[in-house]
Amino acid sequence: MAPDIDHIWSPPSGAAASLVDERKSLIKRALNQKVLVPSILSLMPAWPSELQPDIDEINRVIDEWLPTVNVAEKKKAKHRARGNYTLLTAVYYPHCKKDKMLTLSKFLYWIFLWDDEIDTGGELTEDKEGTRLCCEETNKCIDDCLGPNPNYTPPPNSRGTVEMFYPILRDLRAGLSPVSTERLRLELHDYINGVGRQQQVRQEDNLPDPWYHFQIRSDDVGVIPSITQNEYAMEFELPEYVRRHEAMEEIVQECTKLTVLLNDVLSLQKEFRVSQLENLVLLFMNKDEDMSLRGAIDKILDLIREHYAICVAAEERLPWSKDNEKLNEDIREYVRGCHRLATGTAYWSYACERYFKQSQVNDKFEVLLDLSYE
(Lines give C-alpha, C1' and ligand atoms only; values in the text may rest on other atoms or scores of the structure.)
Protein backbone atom coordinates (compact mmCIF):
# COMPACT_ATOMS: atom_id res chain seq x y z
CA MET A 1 0.00 0.00 0.00
CA ALA A 2 1.32 3.47 -0.87
CA PRO A 3 2.44 5.57 2.10
CA ASP A 4 0.06 8.23 3.43
CA ILE A 5 2.05 11.38 2.73
CA ASP A 6 -0.54 13.53 4.52
CA HIS A 7 0.06 11.50 7.66
CA ILE A 8 3.84 11.80 7.32
CA TRP A 9 3.89 15.55 6.76
CA SER A 10 1.10 17.92 7.70
CA PRO A 11 1.45 21.38 6.15
CA PRO A 12 1.14 24.43 8.41
CA SER A 13 -2.22 26.18 8.30
CA GLY A 14 -2.46 28.61 5.40
CA ALA A 15 0.44 27.02 3.51
CA ALA A 16 0.50 27.80 -0.19
CA ALA A 17 -0.43 24.99 -2.56
CA SER A 18 3.02 25.18 -4.18
CA LEU A 19 4.64 24.58 -0.78
CA VAL A 20 2.44 21.57 -0.09
CA ASP A 21 2.97 20.01 -3.52
CA GLU A 22 6.73 20.62 -3.56
CA ARG A 23 7.35 19.08 -0.15
CA LYS A 24 5.01 16.14 -0.64
CA SER A 25 6.61 15.37 -3.99
CA LEU A 26 10.09 15.43 -2.49
CA ILE A 27 9.09 13.20 0.43
CA LYS A 28 7.49 10.73 -1.95
CA ARG A 29 10.65 10.53 -4.10
CA ALA A 30 12.89 9.73 -1.11
CA LEU A 31 10.54 7.74 1.08
CA ASN A 32 11.49 4.17 2.09
CA GLN A 33 14.86 4.25 0.32
CA LYS A 34 18.00 2.84 1.90
CA VAL A 35 21.43 4.08 0.86
CA LEU A 36 24.85 2.81 1.94
CA VAL A 37 27.11 5.82 2.46
CA PRO A 38 30.89 5.26 2.39
CA SER A 39 33.05 6.42 5.26
CA ILE A 40 33.17 10.22 5.35
CA LEU A 41 36.46 10.01 7.23
CA SER A 42 38.03 8.19 4.28
CA LEU A 43 37.44 11.31 2.18
CA MET A 44 39.81 13.31 4.44
CA PRO A 45 42.68 10.80 4.64
CA ALA A 46 45.46 13.09 5.88
CA TRP A 47 43.53 14.25 8.94
CA PRO A 48 43.58 11.67 11.78
CA SER A 49 41.13 11.40 14.68
CA GLU A 50 42.32 11.25 18.30
CA LEU A 51 40.47 11.28 21.62
CA GLN A 52 41.16 13.13 24.87
CA PRO A 53 41.44 10.33 27.48
CA ASP A 54 39.31 11.79 30.29
CA ILE A 55 35.87 11.21 28.72
CA ASP A 56 34.45 8.99 31.48
CA GLU A 57 35.62 11.28 34.28
CA ILE A 58 34.25 14.40 32.56
CA ASN A 59 30.95 12.63 31.92
CA ARG A 60 30.61 11.94 35.64
CA VAL A 61 31.00 15.65 36.33
CA ILE A 62 28.56 16.48 33.53
CA ASP A 63 26.02 14.12 35.12
CA GLU A 64 26.32 16.12 38.36
CA TRP A 65 26.05 19.44 36.50
CA LEU A 66 23.09 18.75 34.20
CA PRO A 67 20.50 18.57 37.04
CA THR A 68 21.47 22.16 37.96
CA VAL A 69 20.68 23.41 34.43
CA ASN A 70 17.23 24.99 34.17
CA VAL A 71 16.10 23.07 31.09
CA ALA A 72 13.35 20.44 30.89
CA GLU A 73 14.54 17.12 32.32
CA LYS A 74 13.21 15.17 29.34
CA LYS A 75 15.19 17.32 26.93
CA LYS A 76 18.39 17.03 28.97
CA ALA A 77 17.99 13.26 29.23
CA LYS A 78 17.50 12.96 25.46
CA HIS A 79 20.65 14.94 24.71
CA ARG A 80 22.71 13.08 27.30
CA ALA A 81 21.61 9.68 25.98
CA ARG A 82 21.92 10.34 22.26
CA GLY A 83 24.47 13.12 22.01
CA ASN A 84 27.42 12.36 24.30
CA TYR A 85 28.84 15.83 23.67
CA THR A 86 31.79 15.04 25.92
CA LEU A 87 32.90 12.58 23.23
CA LEU A 88 32.53 15.34 20.64
CA THR A 89 34.66 17.61 22.82
CA ALA A 90 37.27 14.88 23.18
CA VAL A 91 37.66 14.48 19.43
CA TYR A 92 37.62 18.26 18.80
CA TYR A 93 40.30 18.92 21.45
CA PRO A 94 42.22 15.66 22.01
CA HIS A 95 45.19 17.25 23.80
CA CYS A 96 43.50 19.76 26.12
CA LYS A 97 43.68 19.66 29.91
CA LYS A 98 40.87 18.14 31.94
CA ASP A 99 39.54 21.44 33.34
CA LYS A 100 39.42 22.97 29.87
CA MET A 101 37.65 19.92 28.51
CA LEU A 102 34.89 20.30 31.11
CA THR A 103 34.16 23.89 30.09
CA LEU A 104 34.25 23.00 26.39
CA SER A 105 31.89 20.06 26.99
CA LYS A 106 29.45 22.39 28.75
CA PHE A 107 29.64 24.75 25.78
CA LEU A 108 28.65 21.96 23.38
CA TYR A 109 25.76 20.94 25.64
CA TRP A 110 24.65 24.57 25.57
CA ILE A 111 24.82 24.90 21.78
CA PHE A 112 22.77 21.75 21.14
CA LEU A 113 20.19 22.55 23.81
CA TRP A 114 19.84 26.14 22.59
CA ASP A 115 19.67 25.22 18.90
CA ASP A 116 17.00 22.59 19.53
CA GLU A 117 14.65 25.26 20.86
CA ILE A 118 14.50 26.80 17.38
CA ASP A 119 15.29 23.85 15.10
CA THR A 120 12.50 21.71 13.62
CA GLY A 121 10.42 20.21 16.42
CA GLY A 122 11.53 22.75 19.04
CA GLU A 123 9.39 25.08 21.11
CA LEU A 124 10.13 28.04 18.83
CA THR A 125 10.16 26.25 15.46
CA GLU A 126 7.24 28.25 14.08
CA ASP A 127 7.34 31.15 16.53
CA LYS A 128 9.04 34.03 14.71
CA GLU A 129 8.61 36.53 17.54
CA GLY A 130 9.68 34.01 20.18
CA THR A 131 12.79 33.24 18.15
CA ARG A 132 13.59 36.94 17.81
CA LEU A 133 13.34 37.41 21.58
CA CYS A 134 15.43 34.28 22.24
CA CYS A 135 18.18 35.50 19.90
CA GLU A 136 18.03 38.98 21.42
CA GLU A 137 18.37 37.61 24.95
CA THR A 138 21.24 35.33 23.92
CA ASN A 139 23.07 38.14 22.11
CA LYS A 140 22.80 40.24 25.29
CA CYS A 141 24.35 37.39 27.26
CA ILE A 142 27.25 37.24 24.80
CA ASP A 143 27.88 40.97 25.10
CA ASP A 144 27.51 40.86 28.89
CA CYS A 145 30.15 38.15 29.21
CA LEU A 146 32.55 38.90 26.35
CA GLY A 147 32.14 42.67 25.93
CA PRO A 148 34.38 45.40 27.39
CA ASN A 149 32.54 45.55 30.75
CA PRO A 150 31.90 41.92 31.72
CA ASN A 151 28.82 41.06 33.76
CA TYR A 152 28.29 37.40 34.52
CA THR A 153 24.92 37.67 36.32
CA PRO A 154 21.93 36.55 34.23
CA PRO A 155 18.95 38.93 34.25
CA PRO A 156 15.95 37.79 36.33
CA ASN A 157 13.65 35.32 34.59
CA SER A 158 16.20 34.45 31.89
CA ARG A 159 15.35 31.37 29.84
CA GLY A 160 17.28 28.32 30.98
CA THR A 161 19.53 28.08 27.93
CA VAL A 162 20.62 31.70 28.45
CA GLU A 163 21.06 31.39 32.21
CA MET A 164 23.38 28.38 31.76
CA PHE A 165 25.47 30.25 29.18
CA TYR A 166 26.71 33.00 31.53
CA PRO A 167 29.11 30.85 33.61
CA ILE A 168 30.29 28.98 30.51
CA LEU A 169 31.27 32.22 28.78
CA ARG A 170 32.86 33.49 32.01
CA ASP A 171 35.13 30.46 32.12
CA LEU A 172 35.97 30.70 28.41
CA ARG A 173 36.87 34.37 28.72
CA ALA A 174 39.25 33.61 31.59
CA GLY A 175 41.35 31.46 29.25
CA LEU A 176 41.35 33.65 26.13
CA SER A 177 43.35 36.71 25.15
CA PRO A 178 41.45 40.00 24.61
CA VAL A 179 41.80 39.65 20.82
CA SER A 180 40.50 36.06 20.82
CA THR A 181 37.69 37.02 23.22
CA GLU A 182 36.47 39.68 20.82
CA ARG A 183 36.73 37.29 17.90
CA LEU A 184 34.65 34.73 19.81
CA ARG A 185 32.07 37.40 20.68
CA LEU A 186 31.56 38.31 17.03
CA GLU A 187 31.49 34.66 15.90
CA LEU A 188 28.83 33.80 18.47
CA HIS A 189 26.71 36.73 17.32
CA ASP A 190 27.02 35.48 13.73
CA TYR A 191 25.90 32.02 14.83
CA ILE A 192 22.91 33.25 16.87
CA ASN A 193 21.71 35.59 14.11
CA GLY A 194 22.26 32.87 11.52
CA VAL A 195 20.00 30.44 13.37
CA GLY A 196 17.30 33.09 13.26
CA ARG A 197 17.77 33.52 9.52
CA GLN A 198 17.63 29.76 8.94
CA GLN A 199 14.34 29.58 10.80
CA GLN A 200 12.95 32.20 8.41
CA VAL A 201 14.09 30.05 5.46
CA ARG A 202 12.18 27.08 6.88
CA GLN A 203 9.01 29.20 7.08
CA GLU A 204 9.13 30.33 3.45
CA ASP A 205 6.64 29.00 0.92
CA ASN A 206 9.19 27.11 -1.17
CA LEU A 207 12.27 25.14 -0.33
CA PRO A 208 15.49 27.15 -0.79
CA ASP A 209 18.01 26.78 -3.57
CA PRO A 210 20.70 24.33 -2.34
CA TRP A 211 23.61 26.62 -3.20
CA TYR A 212 22.04 29.56 -1.37
CA HIS A 213 21.30 27.37 1.63
CA PHE A 214 24.85 26.00 1.61
CA GLN A 215 26.21 29.55 1.63
CA ILE A 216 24.12 30.82 4.55
CA ARG A 217 24.82 27.66 6.54
CA SER A 218 28.56 28.01 5.92
CA ASP A 219 28.53 31.67 6.90
CA ASP A 220 26.68 31.18 10.18
CA VAL A 221 27.33 27.61 11.33
CA GLY A 222 28.18 27.06 14.98
CA VAL A 223 31.53 25.34 14.41
CA ILE A 224 33.42 28.59 13.82
CA PRO A 225 33.38 29.54 17.54
CA SER A 226 34.68 26.03 18.28
CA ILE A 227 37.71 26.77 16.09
CA THR A 228 38.54 29.88 18.12
CA GLN A 229 38.08 27.83 21.30
CA ASN A 230 41.09 25.77 20.21
CA GLU A 231 43.18 28.68 21.55
CA TYR A 232 41.45 28.25 24.92
CA ALA A 233 41.89 24.47 24.83
CA MET A 234 45.57 24.51 23.95
CA GLU A 235 46.52 27.74 25.78
CA PHE A 236 47.98 29.78 22.96
CA GLU A 237 47.14 33.01 21.16
CA LEU A 238 47.11 33.14 17.39
CA PRO A 239 48.21 36.59 16.16
CA GLU A 240 45.39 38.40 14.43
CA TYR A 241 47.43 38.93 11.27
CA VAL A 242 47.79 35.15 10.98
CA ARG A 243 44.09 34.55 11.63
CA ARG A 244 43.14 37.11 8.98
CA HIS A 245 45.67 35.90 6.41
CA GLU A 246 43.89 34.86 3.22
CA ALA A 247 45.11 31.27 3.46
CA MET A 248 43.92 30.88 7.07
CA GLU A 249 40.58 32.47 6.20
CA GLU A 250 40.24 29.94 3.39
CA ILE A 251 41.11 27.02 5.67
CA VAL A 252 38.50 28.12 8.23
CA GLN A 253 35.87 28.54 5.53
CA GLU A 254 36.68 25.25 3.79
CA CYS A 255 36.60 23.27 7.05
CA THR A 256 33.31 24.96 7.88
CA LYS A 257 31.91 23.95 4.48
CA LEU A 258 33.20 20.41 4.96
CA THR A 259 31.41 20.22 8.32
CA VAL A 260 28.14 21.47 6.81
CA LEU A 261 28.36 19.00 3.93
CA LEU A 262 29.19 15.91 5.96
CA ASN A 263 26.65 16.82 8.64
CA ASP A 264 23.87 17.02 6.06
CA VAL A 265 24.73 13.54 4.79
CA LEU A 266 25.00 11.96 8.23
CA SER A 267 21.94 13.74 9.69
CA LEU A 268 19.77 13.03 6.62
CA GLN A 269 17.83 10.12 8.14
CA LYS A 270 17.03 12.01 11.36
CA GLU A 271 15.98 15.18 9.55
CA PHE A 272 13.88 13.34 6.96
CA ARG A 273 11.98 11.51 9.68
CA VAL A 274 10.88 14.83 11.24
CA SER A 275 10.14 16.32 7.77
CA GLN A 276 13.02 18.81 8.02
CA LEU A 277 13.63 18.99 4.30
CA GLU A 278 16.11 21.89 4.32
CA ASN A 279 18.94 19.38 4.02
CA LEU A 280 21.40 19.74 1.15
CA VAL A 281 20.86 16.17 -0.07
CA LEU A 282 17.13 16.74 -0.37
CA LEU A 283 17.52 20.27 -1.72
CA PHE A 284 19.69 19.03 -4.60
CA MET A 285 17.02 16.42 -5.36
CA ASN A 286 14.38 19.13 -5.27
CA LYS A 287 16.35 21.36 -7.66
CA ASP A 288 16.80 18.56 -10.20
CA GLU A 289 13.77 16.30 -10.61
CA ASP A 290 15.93 13.73 -12.41
CA MET A 291 18.41 13.43 -9.52
CA SER A 292 18.04 10.31 -7.39
CA LEU A 293 18.74 10.10 -3.67
CA ARG A 294 21.92 8.18 -4.47
CA GLY A 295 22.91 10.84 -7.00
CA ALA A 296 22.35 13.66 -4.51
CA ILE A 297 24.45 11.95 -1.85
CA ASP A 298 27.21 11.31 -4.39
CA LYS A 299 27.12 15.01 -5.31
CA ILE A 300 27.70 15.94 -1.65
CA LEU A 301 30.53 13.42 -1.38
CA ASP A 302 32.18 14.94 -4.47
CA LEU A 303 31.86 18.39 -2.88
CA ILE A 304 33.56 17.06 0.27
CA ARG A 305 36.47 15.81 -1.85
CA GLU A 306 36.66 19.18 -3.63
CA HIS A 307 36.67 21.32 -0.48
CA TYR A 308 39.14 19.02 1.24
CA ALA A 309 41.57 19.48 -1.66
CA ILE A 310 41.15 23.29 -1.53
CA CYS A 311 41.88 23.27 2.20
CA VAL A 312 45.02 21.12 1.87
CA ALA A 313 46.34 23.38 -0.89
CA ALA A 314 45.78 26.53 1.21
CA GLU A 315 48.14 25.30 3.93
CA GLU A 316 51.11 25.88 1.63
CA ARG A 317 50.30 29.62 1.54
CA LEU A 318 50.18 30.19 5.30
CA PRO A 319 52.53 32.87 6.71
CA TRP A 320 55.09 30.47 8.14
CA SER A 321 57.93 32.07 10.12
CA LYS A 322 61.54 31.49 9.14
CA ASP A 323 62.83 31.77 12.71
CA ASN A 324 59.91 31.51 15.17
CA GLU A 325 59.13 27.82 15.62
CA LYS A 326 56.71 28.52 18.49
CA LEU A 327 54.57 30.60 16.11
CA ASN A 328 54.75 27.86 13.48
CA GLU A 329 53.58 25.27 16.01
CA ASP A 330 50.69 27.53 17.05
CA ILE A 331 49.71 27.87 13.39
CA ARG A 332 49.88 24.09 12.94
CA GLU A 333 47.75 23.57 16.06
CA TYR A 334 45.15 26.08 14.88
CA VAL A 335 44.97 24.37 11.49
CA ARG A 336 44.68 20.94 13.14
CA GLY A 337 41.82 22.41 15.16
CA CYS A 338 40.11 23.42 11.92
CA HIS A 339 40.56 19.90 10.53
CA ARG A 340 39.11 18.36 13.69
CA LEU A 341 35.88 20.32 13.36
CA ALA A 342 35.22 18.31 10.20
CA THR A 343 36.70 14.93 11.12
CA GLY A 344 35.54 15.19 14.72
CA THR A 345 31.94 15.86 13.74
CA ALA A 346 32.03 12.80 11.46
CA TYR A 347 33.72 10.57 14.06
CA TRP A 348 31.24 11.58 16.75
CA SER A 349 28.28 11.04 14.40
CA TYR A 350 29.35 7.43 13.88
CA ALA A 351 29.99 6.85 17.60
CA CYS A 352 26.75 8.15 19.13
CA GLU A 353 23.08 7.68 18.25
CA ARG A 354 21.97 11.24 17.58
CA TYR A 355 21.49 10.60 13.86
CA PHE A 356 21.18 6.81 13.46
CA LYS A 357 21.51 3.57 15.36
CA GLN A 358 24.92 1.98 15.92
CA SER A 359 23.57 -1.13 14.20
CA GLN A 360 23.46 0.87 10.94
CA VAL A 361 27.25 1.42 10.96
CA ASN A 362 29.74 -1.29 9.98
CA ASP A 363 33.40 -1.66 10.90
CA LYS A 364 34.42 0.37 7.82
CA PHE A 365 32.40 3.38 9.03
CA GLU A 366 29.91 2.84 6.23
CA VAL A 367 26.38 3.73 7.31
CA LEU A 368 23.14 2.39 5.86
CA LEU A 369 20.74 5.35 5.95
CA ASP A 370 17.07 4.42 6.07
CA LEU A 371 14.56 7.02 4.87
CA SER A 372 11.50 5.26 6.19
CA TYR A 373 9.31 6.52 9.00
CA GLU A 374 9.56 4.52 12.20
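User: In this predicted model, what kind of crossing does H6 make as it passes H12?

Analyst: H6 passes H12 in a right-handed crossing. The contact is made on the H6 side by Asp99, Lys100, Thr103, Leu104, Phe107 and Leu108, and on the H12 side by Pro225, Ser226, Gln229, Tyr232 and Ala233. By class, 6 of these residues are nonpolar, 3 polar and 2 charged.

User: Why are H6 and H12 called roughly antiparallel to each other?

Analyst: The axes of helix H6 (residues 98-118) and helix H12 (residues 223-234) cross at roughly 165° and come within 10 Å. Angles over 145 degrees count as roughly antiparallel, so H6 and H12 are given that description.

User: Which residues make the contact of H5 with H6, and what is its make-up by class?

Analyst: H5 contributes Tyr85, Thr86, Leu88, Thr89, Ala90 and Tyr92, while H6 contributes Met101, Leu104, Ser105, Leu108, Tyr109 and Phe112. The contact has 9 nonpolar and 3 polar residues, with no charged residues. H5 passes H6 in a right-handed crossing.

User: Why does Met101 count as buried?

Analyst: Buried means under 20% relative accessible area. Met101, in helix H6, has 0% relative accessibility and therefore counts as buried. Leaving aside neighbours within four places in sequence, Met101 is in contact with Gln52, Asp54, Ile55, Ile58, Thr86, Thr89, Ala90 and Cys96.

User: Glu333 lies in helix H18; how do you know whether Glu333 is buried or exposed?

Analyst: The relative accessibility of Glu333 is 7%. The cut-off for buried is under 20%, so Glu333 counts as buried. The helix holding Glu333 spans residues 325-351. Beyond four places in sequence, Glu333 is in contact with Asn230, Met234, Phe236 and Arg340.

User: What is the mean pLDDT of the chain, and over which residues does pLDDT stay under 50?

Analyst: The mean pLDDT of the protein chain is 90, and 90% of the residues reach 70 or more. Over residues 1-5 pLDDT stays under 50, and the model has 6 contacts beyond four places in sequence for that stretch.

Notes
Residues are numbered from 1 along each chain as its sequence is written. This is a predicted model: local features need pLDDT of at least 70, side-chain atom pairs count only at pLDDT 80 or more; totals for chains, interfaces and linings use all residues. Side-chain values use heavy atoms; hydrogens and water are left out. Helices (H or I, at least four residues) and strands (E, at least two) are DSSP runs, numbered from the N terminus. Buried means under 20% relative accessible area, exposed over 50%, partly exposed in between (1.4 Å probe, protein chains only). Contact means heavy atoms within 4.5 Å. pLDDT is the predictor's confidence in each residue, from 0 to 100. Axes are lines fitted to C-alpha atoms, for helices over the stretch in contact, and angles run from 0 to 180 degrees between N-to-C directions. Angles under 35 degrees count as roughly parallel, over 145 as roughly antiparallel, 65 to 115 as roughly perpendicular and the rest as oblique. A crossing is left-handed if the near helix is turned anticlockwise from the far one by less than a right angle, and right-handed if clockwise. Ala, Val, Leu, Ile, Met, Phe, Trp, Tyr, Cys and Pro count as nonpolar, Asp, Glu, Lys and Arg as charged, and the others, Gly among them, as polar.
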